[in-house]
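User: Got a model here I'd like to go through. Can you take my questions as they come?

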Amino acid sequence: MKVVHHSKNESDKTESRELAAHFFRTEYGKLVSVITRYIGVDNVQTAEDIVQETLLKAVDSWQQSGMPKNPQAWLYKTAKNLTLNILKRKQHQVKYKSEIVKDTIGLEELNFSNEIILDEQLKMMFACCHPSISENSQIALILKILCGFSISEIANAFFSTNETINKRLVRGRKQLRENNVSLKIPENINTYVAIVHKTIYLLFNEGYSPTQKNELIRLGLCLEAMRLTKILIANPVVKDKADCYALLALMQFNAARFEARMNTDNSIVEMEKQDRSKWNLDLINSGTHNLNAAMNFGNKISVYLILATISANHCIAKSFSDTNWGAILSLYDNLLELEDSPTIRLNRTVALSKVVGNKKAIFELKKLEISSDIGKHYLYHSTIAEFYQQENKIEEAISHFKKAISLTENKRDVKLLRKKLTTLVPKS
């Protein structure tokens, strides 16, 4: 009997740890954002330490006494008490006093209402995306402060090292202090929103593109990017929401194909060979709703709107052969008028090959290689290799596939490219 009872206790403790970790992840950014409101952005590290201690207390308490009826309220109360203990210490009151905490305001006013949480998370988002902070540090700060990722998880997401990520966080926090960044909505909000959009999209791409090992973290990055965008949409202070809706739609369309992109052996499945029954219809429908909202919000034609529309065309096609490549090519032409980059021109050649043929696509890629450094990227060589293969120019295809393999360190990409290379037989 004792053995069975002990096993049950161990099972309960494991469940408590897992539940504590789950609630910690979902509530981390909320807790840090609200606490920082009271102790100041220059002390955001202290806010993170308070939340970390809250988790440790949750794990210990929940293992001993079981899960509370309202885990979220338990975390908020514990975090509040820990914060108040710090604020009440006389030697810390001057150091941690922000413009919000005045001598005449009772410290017990610290609260975690839904309105305050959403407001402070939005302000923290703007703070993390301050123009003085590099893009890499912006993403690292958002993952750490707003999403509750550990340094090792961020390192996995970036296919980097703990040391590198820690340096980015240190630099980011330093910029927050040196530039006296405060938790407030910036006056030039449109400029900041554009930066926030870019950072969120970079965050999504880190999760969507197969550049790291941990499958769970990759999907988690995509979900976090969509969650942050929904915060922007929900807050009334953000007036121009057309790009917010378009960005969310773009991410939802792409995330809808997430499951179908990977085989059971963890290898990449290209869109042409994907099982479309695995595409997430709920995300596609949500993407369609938000794309319509973006179009109805105003007459603004933006990069995100065009990219979302391109992705929508892929999602509504019953099969790869049924894809409206003419419409997609036209959308890429419109996109080039807003943002002419080698990457966009490279992606455009796929649609171009479907509409006017591979020879024209090859010609455009060769011109692009001369006018830019796209030839240093493996995607250039893998794309032109595909065109050569379809034109039965096997030697050229083999040469470019080999070059693509030499230019990527990603094991998944190497595996896919080598698989393609083995199917080619040079002419005798």
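This is a predicted model: local features need pLDDT of at least 70, side-chain atom pairs count only at pLDDT 80 or more; totals for chains, interfaces and linings use all residues.

User: How many disulfides?

Analyst: The count is 0 disulfides, taking a disulfide as a pair of cysteine sulfur atoms within 2.5 Å. For C128, the nearest cysteine sulfur belongs to C129 and is 6.5 Å away.

User: Is C128 buried or exposed?

Analyst: C128 is buried, at 0% relative accessibility. Buried means under 20% relative accessible area, exposed over 50%, and partly exposed in between, with a 1.4 Å probe and protein chains only. C222 is also buried, with a relative accessible area of 0%.

User: Switching to helix 6. What does it span?

Analyst: Helix 6 covers residues 135-146, 12 residues in total, and reaches 16 Å from its first C-alpha to its last. That is close to the 16 Å expected at 1.5 Å a residue, where the expected span is 1.5 Å times one less than the number of residues. Helices (H or I, at least four residues) are DSSP runs, numbered from the N terminus.

User: How many residues of helix 6 are buried?

Analyst: 10 of the 12, so helix 6 is largely enclosed by the rest of the structure. Among them are I139, L141, L143 and K144. After helix 6 comes G148, with a positive phi near 75°.

User: Which residues have a positive phi without being a glycine?

Analyst: N180 is one of them, at about 50°. N392 is another, at about 65°. Most residues other than glycine have a negative phi.

User: Where do N180 and N392 sit?

Analyst: N180 is in the loop between helix 8 (162-178) and helix 9 (189-208), and counts as exposed at 66% relative accessibility. N392 lies in the loop between helix 17 (378-390) and helix 18 (394-407). N392 is partly exposed, with a relative accessible area of 47%.

User: Last topic: how do helix 11 and helix 13 cross?

Analyst: The axes of helix 11 (residues 242-256) and helix 13 (residues 303-316) come within 8 Å and cross at roughly 30°. Axes are lines fitted to C-alpha atoms, for helices over the stretch in contact, and angles run from 0 to 180 degrees between N-to-C directions. Helix 11 and helix 13 are therefore roughly parallel, the word for angles under 35 degrees.

User: Which residues make the contact?

Analyst: From helix 11, they include A246, L250 and F253; from helix 13, they include Y304, A308 and C315. Contact means heavy atoms within 4.5 Å.

Technical notes. Residues are numbered from 1 along each chain as its sequence is written. Side-chain values use heavy atoms; hydrogens and water are left out. Helices (H or I, at least four residues) and strands (E, at least two) are DSSP runs, numbered from the N terminus. Angles under 35 degrees count as roughly parallel, over 145 as roughly antiparallel, 65 to 115 as roughly perpendicular and the rest as oblique.
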